[in-house]
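Open the model in your viewer and keep the selection tool at hand. We will go from stop to stop.

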Amino acid sequence: MMQNKIATATHTNLKEKMYEQMFLIRQLEETILTLFSKGEVGGTTHTCIGQEAVAVAAGSHLAQGDVVFASHRCHGHFIAYGGSPESLLAEVMGRETGVCAGRGGSQHIHFERFFSNGVQGGIVGNAVGTALALQFDCTENIAVVFLGDGTLGEGLVYESFNFAALRNCPVLFVLENNNYAQSTPAAKGVSGTISTRARAFGIAVHEDEGTNDANILHDIFSNAFQYVRNEHKPFLQIIHTYRLGPHSKGDDTRNANEIAECWRYDPIPILKQQISVRIAQQIENRVQKQIIAKTELAIAAPLALKINITTTTQLLGTEELPAPFAHGKSLTFIQALNQGLHRILAASPTTIVLGEDISGSYGGAFKASVGLSHKFPERIISTPISEAGIVAWATGLALMGYRPIVEIMFGDFLTLAADQILNHACKYPWLSGNKVSMPLVIRTPMGGHRGYGPTHSQSIEKMFLGIPELTVLAPCHLLDPGEILYRANQLSSNPVLFIENKVLYSHPLINTINERCQEFYVQTTQHQYPTLHLSLVNFETPDITLITYGGNVPLAMEVAKSMLISDEIVIDLIIPTAIAPLSVDTLIMYLGQTPNIAVLEEGTRFLGWGAEIVAALAEHKTNTPNRRYLRITAEDCAIPAAKTLEEQILPTVKTTINKLQRFLQ
């Protein structure tokens with residue numbers, strides 16, 4: 001954070017400093033609207049005209065090391081934090097010199113410890129996560145998050161209120177009630193009173209009486225900041241204000257008389273009356289010249305043309321590492337995961353594990369976390385049932401340099417956290433130009449064959465496969481999943497979704513000795529997340545190659561052995577550990593001259609992982625132009641609880657053999 005000139009101001013010039021910053025924000029916002037009308041600004045923009053006093057009064061109490069989050073209406077908060085007007089102008093104009101080099105535009109800004117995001121509510125959870133990190137760091141710093149009255153409709157806000165109160169996180173929630181959520185009046189969107197919502201969680205609250213006087217707001221925020229710093233607890237400060245400009249650009253359907261009445265309480269002239277006319281004029285002249293100069297610089301800056309797309313190699317790791325075979329370990333899959341977690345926590349003091357029911361002797365629904373809280377009590381956080389919150393708080397931890405591991409009890413529940421994965425965890429590093437990393441691992445069990453029914457048996461990983469910056473892993477029982485987890489935690493700087501098929505949990509790891517695994521010959525890449533190639537005939541060209549992953553591997557191995565004996569059909573297996581992004585070159589290398597390719601997955605057929613495999617291979621020219629492809633998947637149907645019905649929906653050894661036989665006829 002740049003030195004906050006207001007925070008270091010003496011009492012005699014405090015009002016002048018605040019007026020200068022407020023006037024700067026006003027001139028900046030009006031300039032952006034003018035530039036938009038001239039076609040110099042594309043997309044959208046949300047100005048804070050009328051709300052400048054809130055940002056400036058709060059910003060005057062920020063200390064070096066504090067973390068600030070803001071939503072779509074973030075320009076004033078960015079300037080109050082210490083951001084550069086020129087870099088903001090350049091950003092909204094799509095220039096290379098923009099604060100995010102044109103990646104974020106008006107709503108998505110990253111600068112040092114300032115973060116903004118255009119999705120309502122998400123930043124509240126991230127702010128609580130950074131506050132938790134500050135708590136672990138034992139600093140006097142706090143997290144500050146600005147939200148509006150409209151954001152009170154988002155469930156993550158209350159998940160985060162609850163968690164912040166339970167953990168005594170040092171976070172200041174600043175609620176700017178400007179009476180409208182876009183075009184909806186607060187009276188139609190917020191029931192009851194705002195203050196009681198936070199008090200219900202035991203959070204202290206102060207609500208102002210509707211002042212736009214920056215000097216009064218400065219004192220209000222002084223008390224709020226002191227409370228969070230001294231008490232090390234969350235606090236909600238409610239400020240009643242009014243947005244004098246449109247929601248974005250020119251979309252304003254509010255009553256004209258209402259707006260005109262509220263201009264009487266414009267914070268700029270209110271504060272101007274408290275300083276001398278001469279000083280006010282000097283400030284205004286100085287700021288106007290500055291804005292003109294900064295605007296000219298931004299316009300003259302080169303357009304943003306360069307964009308670095310994270311490559312498959314970067315996401316999958318560049319280190320050459322031996323494949324983590326079990327090497328004689330007599331462990332089940334779940335025991336190996338548990339050992340891996342113990343090893344990670346012992347080796348990495350910045351790793352924190354979050355999830356539901358993971359503490360004590362219970363150790364999570366599938367016992368992956370057994371014993372962790374006894375050895376590492378401070379770093380095992382058993383959370384409320386709040387999947388969106390868990391990932392949001394972990395995202396905040398990762399932003400602060402921690403390496404969190406999240407357990408989502410069932411993969412089906414990932415949909416509750418999808419916004420955090422897609423719009424927050426995977427966006428922050430990219431927006432910042434990789435100035436921040438996101439070493440976040442989300443573990444979760446997928447799959448059926450256990451009779452858990454339609455909401456606890458799905459394989460929905462395909463919903464996340466196409467998210468940029470996200471690595472999706474699905475280890476099988478032929479490798480040590482604890483070692484794969486260790487690599488994901490220690491070597492990845494981007495989010496990792498770690499898929500564990502429930503069928504594998506009780507399955508023993510199978511050793512590979514001298515490049516043999518049971519009846520199979522084994523080849524493997526020397527990658528961070530290796531791909532295995534299995535053959536029953538020492539890698540002679542097979543009749544068909546079956547590509548699969550994770551919990552489907554035992555089924556595929558059984559199918560290959562059975563069909564060799566009963567049909568004299570040779571089946572090779574290719575088993576990627578990383579199912580997204582795809583290392584297509586590795587697949588092509590192992591496929592060789594295979595004339596037939598089948599893809600096996602437990603998810604549904606339409607737009608599945610197998611469809612992407614087939615499409616990717618079809619795009620590459622090969623010496624086998626007449627190749628044929630088969631997809632073996634679950635039926636496009638919800639998964640029943642009854643075993644007799646479940647087996648009709650999910651792939652089994654019998655149905656897979658039948659489909660392969662028909663395909664090869």
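Select strand β8, residues 204–207, and strand β9, residues 235–240. These two strands of the predicted model pair in the parallel sense over four bridges. Pick out glutamate 207 and look across to β9: its bridge partner there is isoleucine 238. Together β8, α9 and β9 make a right-handed β-α-β unit.

Widen the view to the sheet. Seven strands form an open sheet, in the order β2-β3-β1-β4-β5-β9-β8. The pairing is mixed. Which strands stand at the edges? They are β2 (110–111) and β8. Each has a single partner strand, so one side of each is left without a neighbour in the sheet.

Select histidine 110, and then phenylalanine 115, its bridge partner in β3.

Next, colour the chain by domain. Domain 1 covers 15–300, domain 2 covers 314–504 and domain 3 covers 517–664. Between the C-alpha centres of domain 1 and domain 3 the distance is 53 Å.

Where does the largest pocket lie? Domain 2 and domain 3 both give residues to its lining, so the pocket lies between them. The volume of this largest pocket is about 500 Å³. It is lined by 25 residues, and the closest to its centre are Leu465, Gly466, Ile467, Pro468 and Pro581. Show α13 (312–316), β21 (578–580) and α22 (609–618): these are the elements that give two or more residues to the lining. With three residues, α22 gives the most. Colour the lining by class and you get 16 nonpolar, five polar and four charged residues.

Stay with proline 581. This residue is in the loop between β21 and α21 (584–591). Check the peptide bond from alanine 580 to proline 581: it is cis, with omega near -5°. Most peptide bonds are trans, and most residues other than glycine have a negative phi.

Two last stops concern that second point. Select asparagine 538, in the loop between β18 (531–535) and β19 (544–547). Its phi is positive, near 55°. Asparagine 538 has a relative accessible area of 46%, so it counts as partly exposed.

Finish at glutamate 568, in the loop between α20 (553–567) and β20 (571–576). The phi of glutamate 568 is also positive, near 55°. Its relative accessible area is 67%. The cut-off for exposed is over 50%, so glutamate 568 is exposed.

Technical notes: Residues numbered from 1 in each chain as written. Predicted model: local features only at pLDDT ≥ 70, side-chain atom pairs only at ≥ 80, totals over all residues. Heavy atoms only, no water. 1 Å grid on protein atoms, 1.4 Å probe; cavity = no way out; pocket = protein on both sides within 12 Å on 5 of 7 lines; lining within 4 Å. Points joined across faces, edges and corners; volume = space filled by probe spheres on them. Nonpolar A, V, L, I, M, F, W, Y, C, P; charged D, E, K, R; others polar. Domains from an automatic or database assignment. Pairing = 2+ DSSP bridges. Right-handed = clockwise from strand over helix to strand, strands pointing away. Buried < 20%, exposed > 50% of the residue type's maximum accessible area, 1.4 Å probe, protein only.
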